[in-house]
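Subject: Handing over the structure

Hello,

Here is the structure I promised to pass on to you. Have a look at it, and then read on for what turned up in it.

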Amino acid sequence: MTRARNEISYGDYLQLDRILSAQAPLSGEHDELLFIIIHQASELWMRLSIHELSAARDHIARDDLGPAFKMIARVARIQAQLIQSWDVLSTLTPSDYSTIRAALGSSSGFQSFQYRELEFLMGLKSETSLALHSEDPGTHARLAAALSAPSLYDESLRLLARRGFEIAPAVLARDLTQAYAPDPSVEAAWLAVYRDPHRYWDLYELAEKLVDLEYRFQQWRFAHMKTVERIIGFKRGTGGTAGVAYLGAVLSRGFFPELIALRTSL
Ligand code: HEM
């Protein structure tokens with residue numbers, strides 16, 4: 001019998017039976033539940049971040065910055081939650097982790113397709129990350145679509161052009177599947193915005209919101225690296241990279257290069 005809409009229960013609405021039965025520890029060890037839940041909670045927050053940032057990108061494309069600002073501000077709060085979650089995970093000691101490590105096999109956050117989608121959406125495009133998912137057609141198709149779609153940064157640069165800034169045509173017509181290459185015309189445009197914030201207030205606010213996103217993303221990466229260091233030292237990762245050395249190298253991959261560069265010229 002179908003229930004009337006207003007009779008739906010808390011558990012049914014949230015599908016708690018599915019969510020709370022989706023933890024399947026393999027090792028039988030006490031600490032594995034924390035390990036699973038912290039990853040699942042992070043994936044849920046990433047899901048919401050993708051939802052918010054893709055809508056924010058679409059609002060920017062329609063010159064509708066107010067709602068985009070609100071959505072980006074929400075993602076900044078989500079990022080604060082994600083950064084805070086490393087504190088919970090750091091209660092997992094090296095000894096605790098060693099009891100579950102064997103059960104993890106070669107699974108790694110490295111394979112998180114939502115994390116790659118988030119990177120693509122913000123502006124960090126990489127065909128190599130896509131190739132990692134070639135054996136899963138559904139995920140591959142989803143990521144391929146994100147790779148070829150304009151990022152938050154692409155739409156921000158198109159907005160600068162619509163506002164009369166001289167953005168190099170090669171930037172506006174770039175192959176969206178490729179990594180973004182910084183361009184002097186973009187830095188000059190952002191510099192003009194920062195030199196006269198009152199004249200370009202909404203663009204200035206957009207720029208600072210993007211810088212805030214990147215700053216928090218980097219804080220998450222850094223805290224991940226330091227948490228990994230205190231748990232596994234300099235062992236290799238389950239995903240096959242050098243581990244901490246790889247996570248340190250990733251910190252050099254920024255999202256909005258000209259927004260950082262302009263600060264030196266200002
Ligand atoms: C004991 C806990 C953890 C350890 C030891 C760990 C270790 C690592 C290592 C060594 C890598 C590099 C790839 C590899 O070789 O595996 C990696 C990548 C990654 N991990 Fe973790 N991790 C932990 C927890 C988490 C959590 C809670 C998340 C949240 C979703 C996460 C998300 C990721 C992501 C997204 C990457 C890819 C980063 C990139 O390629 O830029 N990790 N992790």
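Where does threonine 238 lie? You will find threonine 238 in the loop between H12 and H13. Please keep in mind throughout that this is a predicted model. Threonine 238 has a relative accessible area of 15%, under the 20% that marks a residue as buried, so threonine 238 counts as buried. Its side chain reaches the backbone oxygen of serine 107, at 2.7 Å.

An N or O atom in the side chain of serine 108 is 2.7 Å from an oxygen atom of the ligand. Helices H3 (32–61), H4 (65–89), H6 (113–122), H12 (201–232) and H13 (244–250) each give two or more residues to the shell around the ligand.

In total, 28 residues surround the ligand, and the closest are Ser108, Arg116, His224, Thr241 and Tyr246. Sorted by class, this shell holds 16 nonpolar residues, 11 polar ones and one charged residue. As for where the ligand is found, it sits in the largest pocket.

**The aromatic rings**

The rings are worth a look too, as the count comes to 12 aromatic pairs. One of them joins tyrosine 115 and phenylalanine 217 in a tilted arrangement, with 5.6 Å from centre to centre and 35 degrees between the planes. Because tyrosine 115 belongs to helix H6 and phenylalanine 217 to helix H12, this pair ties together parts that are 102 residues apart in sequence. Both partners are covered: tyrosine 115 is buried at a relative accessible area of 11%, and phenylalanine 217 is buried at 5%.

Phenylalanine 255 and phenylalanine 256 make another tilted pair, with their centres 6.0 Å apart and 45 degrees between the planes. Here, too, the residues are buried, with a relative accessibility of 2% for phenylalanine 255 and 1% for phenylalanine 256. Both of these pairs have their residues in a cluster linked by ring pairs, made up of Trp86, Tyr115, Tyr153, Tyr180, Phe217, Trp220, Phe255 and Phe256.

**Helix H9**

Tyr153, from that cluster, is also among the buried residues of H9. How many of the 11 residues of helix H9 are buried? The helix spans residues 152–162 and is mostly covered, with eight of the 11 buried. Those residues are Leu152, Tyr153, Asp154, Glu155, Ser156, Leu157, Leu159 and Leu160. At the start of H9, a side-chain oxygen of serine 151 comes to within 3.2 Å of the backbone nitrogen of tyrosine 153. After the helix comes glycine 164, which has a positive phi, near 100 degrees.

**The start of the chain**

Finally, look at glutamate 7, in the segment before helix H1 (10–14). Glutamate 7 is partly exposed, with a relative accessibility of 49%. Between the C-alpha atoms of glutamate 7 and serine 112 there are 37 Å, and the two residues are 105 residues apart along the chain.

Enjoy exploring it!

Best wishes

Technical notes: Residues numbered from 1 in each chain as written. Predicted model: local features only at pLDDT ≥ 70, side-chain atom pairs only at ≥ 80, totals over all residues. Heavy atoms only, no water. Near = heavy atom within 4 Å. Polar contact = N/O pair within 3.5 Å; in protein donor to acceptor, adjacent residues only side chain to side chain. 1 Å grid on protein atoms, 1.4 Å probe; cavity = no way out; pocket = protein on both sides within 12 Å on 5 of 7 lines; lining within 4 Å. Sits in = over half its atoms within 2 Å of the grid points. Helix = DSSP H or I, 4+ residues; strand = E, 2+ residues; numbered from the N terminus. Nonpolar A, V, L, I, M, F, W, Y, C, P; charged D, E, K, R; others polar. Phe/Tyr/Trp six-rings, centres within 6.5 Å; stacked < 30°, edge-to-face > 60°. Buried < 20%, exposed > 50% of the residue type's maximum accessible area, 1.4 Å probe, protein only.
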